[in-house]
Amino acid sequence: MSQFLEISGLCAQIDADGQEKQILRGVDLSIPPGEVHVIMGPNGSGKSTLSYVLAGREDYEVTAGTATFHGQNLLAMEPEERAAAGLFLAFQSPIELPGVNNANFLRTAVNAVRRARGLEELDAVAFLKMAREAAKALSMAPDMLKRNVNVGFSGGEKKRNEVLQMTLLQPTFAILDETDSGLDVDALRIVAEGVNRLRAPTFSALVITHHQKLLDYLVPDRIHVMARGRIILSGGPELARQIDQEGYTKFLAEVA
Amino acid sequence: MPAVTQTREAVEKLGQSTYKWGFETDIEMDMAPKGLNEDIIRLISSRKEEPEWMLEWRLAAYKTWQAMTEPKWAKVGYPPIDYQDAHYYAAPLKKPGPKSLDEVDPELLRTYEKLGIPLHEQAMLAGVEVPEGERMPVAVDAVFDSVSVATTFRKTLEEAGVIFCPISEAVKEHPDLVRKYLGTVVPAGDNFFSALNSAVFTDGSFVYVPKGVRCPMELSTYFRINAKNTGQFERTLIVVEEGASVSYLEGCTAPMRDENQLHAAVVELVAMDDASIKYSTVQNWYPGDEDGRGGIYNFVTKRGICRGARSKISWTQVETGSAITWKYPSCILQGEGSVGEFYSVAVTNNRQQADTGTKMIHLGRNTRSTIIAKTISAGRSDSTYRGLVRVQPKASGARNFTQCDSLLIGDQCGAHTVPYIESRNMNARIEHEATTSKISEDQLFYCRQRGLSEEDAVGLIVNGFCRDVLKELPMEFAVEAQKLLQISLEGSVG
Ligand SMILES: Nc1ncnc2c1ncn2[C@@H]1O[C@H](COP(=O)(O)OP(=O)(O)O)[C@@H](O)[C@H]1O
Ligand SMILES: [Mg+2]
């Protein structure tokens, strides 16, 4: 059994207008170090919820199951502790922070995790140099660092900004929630390269996507299909191509 | 009962650790007996070796005050103040010479050090991230309780013809200027607190910038309330002549106290043709403990008059302290084409109450005013923005833009916006925008996912919310203000 990321029997619900709504109904998933895993599945099946629960969003109540990261009980940690431990979530819908300068936000975040990881903090000059290089590698306009976090960013710019944050925060486990949605082919390739640059024997990723295109660049190790709050099927890279061609209906019918 | 004592101690400890500036300096004080009457006023005046006209002025104000009653219209509540139960004069006994720092009581210098007051340039530059060459020197006039003890950078200012000195000194050395302007913007009888101030004011600053002079440095006064039960009544008068300009910084802290301390300052600004005055305040007086015990009552009258054409007065304030704040820095826009600005951040936490805002009185043609007010409420605090925009019949072409934004943290606090608009001119254009928001869970979670603690996340979001105001502050103050915002909101989430 790998000690990297282990999810077992994970159930989670949300309080929606006073009604408890069960979303995750027993998720089992194991990701070894150095691998890229993919979750596909119809809208509303719980993919984003899984990523939020792993990242520690408090609105979701975990009612059963476990999740460990490097053998640690992930579910007992604060969101910022999970971040410091190396978990990163690229949001499906990145959040706007009005008035907060992007570079300043990034530097505050980078130094917060560096502190937690026992590394020296970066001064403004060293940080800016690093941030500019990373932004350039993602073909981001230099002024994106000066703008307010995600405010007035186009869909594609927001997604690139997520990848920029990921690059700078140096996670060991990244969850990308539909980071490819709404990107044109060039942007898609740039984002995929951003992920590939992080690939290492100590880095794993969980990529949530609907499209084969991103996977052409990423070359995943495993594909999982999620439906109604459960992983219903897992397979090799060919599973994604099959889904891309035939849709989910056939697979859902098979397990139903 | 021991249990009560323990609780008190625990609460005090909490207060100690959350209010960074809570300490008391042991300096021998020359203190007037408690109480307020004509004799006390005579005593103040004689201690300050004032000319006869000044004493007469004070006594007249005292008569006016006696006939007035305390205003009750603000949305703040506090136990009645016993005006006879305070000392109206307190001065350090060993009066240091103002010419050189060596002559200043070392104990006092240590206080300044603790406060982080930049008395000399080295200290001033410490910890501030400004690139070389962009820095403007700052002259500091420190008010320690009632007497201004040290004035720096005097020479440079003198060479430029700028007068920057304690007002008590100005009364003696520049009596014509003081007599000409004192009380012209805020008459003694303007309100209860200004009348009280006029009767008993003990110190404050006087600034005079002659025609055509751009003041070569930013002028800064640090106010500080130290002795027990001394109300502090500063009086500041700034006169800027034709084509001249000045930027003035006012910072305030007070050590912790059990009794509430009254603070009723009066600030008057006068701007002639093409003159410009920028007045910035960072106020972090002791706000009281988590239950609202102690803390400063801050009842201030600040007003500027744009007498000259195209003159400009700009108020910027960051108010994080005091138990109760009652403050409306205002502009009277008399000169044609004159400009008034008000940029404000008011933060209340725990049991703090703030009722603050501005008045823009448009008298002249084509006068313009801008109001940006950001209110942040946390804990069980209550904050009110109260603003008046008045356009008089002659003020054709007057324009005002007002933006009031409130940010709520938690669900036990309150924020209120009370804009009064009175336009007596058909040509005036007045725009008002107001928003109320909460720090969203989405924003907090996003920041925390990136590794920020909840408090850092709140600090970042709050600073973002206040950016339009903070960017108006001089660099030195902006850095301090950002830290203050964060400190004053500690413990407000989670
Ligand atoms: N905050 C919420 N309140 C109410 N329902 C929610 C909330 N979050 C998710 N859901 C519901 O849970 C289900 C799964 O949502 P989600 O995890 O976003 O799915 P996916 O990412 O796979 O499209 C959906 O039916 C969605 O409406
Ligand atoms: Mg989703």
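Predicted model: local features only at pLDDT ≥ 70, side-chain atom pairs only at ≥ 80, totals over all residues.

Analyst: Residues are numbered from 1 along each chain as its sequence is written, chains are lettered from A and ligands numbered from 1 in the order in which they are written, and side-chain values use heavy atoms, with hydrogens and water left out.

User: Which atom of Gly44(A) lies 2.7 Å from an oxygen atom of ligand 1?
Analyst: A backbone N or O atom of Gly44(A). From Thr49(A), a side-chain N or O atom is 2.5 Å from an oxygen atom of the ligand.

User: How much of ligand 1 does the protein cover?
Analyst: 66% of the 560 Å² of accessible area that ligand 1 has on its own. Areas come from the Shrake-Rupley method with a 1.4 Å probe; for residues, only the protein chains shown count as cover.

User: New topic. How many salt bridges are there over all chains?
Analyst: The search finds 30. Each is a side-chain nitrogen of Lys or Arg within 4 Å of a carboxyl oxygen of Asp or Glu.

User: Where do Arg57(A) and Asp442(B) lie?
Analyst: Their side chains meet in a salt bridge, 2.6 Å from N to O. Arg57(A) is in the loop between helix 1 (47–55) and strand 4 (60–69) of chain A, and Asp442(B) is in helix 10 (residues 441–449) of chain B, so the pair joins two chains.

User: Is Arg57(A) buried or exposed?
Analyst: Buried, at 10% relative accessible area. Asp442(B) is partly exposed, at 33%. Buried means under 20%, exposed over 50%, partly exposed in between (1.4 Å probe, protein chains only).

User: What about Arg235(B) and Glu268(B)?
Analyst: They form a salt bridge too, with the closest N and O atoms 3.0 Å apart. The pair links distant parts of the chain, 33 residues apart: Arg235(B) is in strand 8 of chain B and Glu268(B) in strand 11. Both are buried.

Conventions: Helix = DSSP H or I, 4+ residues; strand = E, 2+ residues; numbered from the N terminus. Polar contact = N/O pair within 3.5 Å; in protein donor to acceptor, adjacent residues only side chain to side chain.
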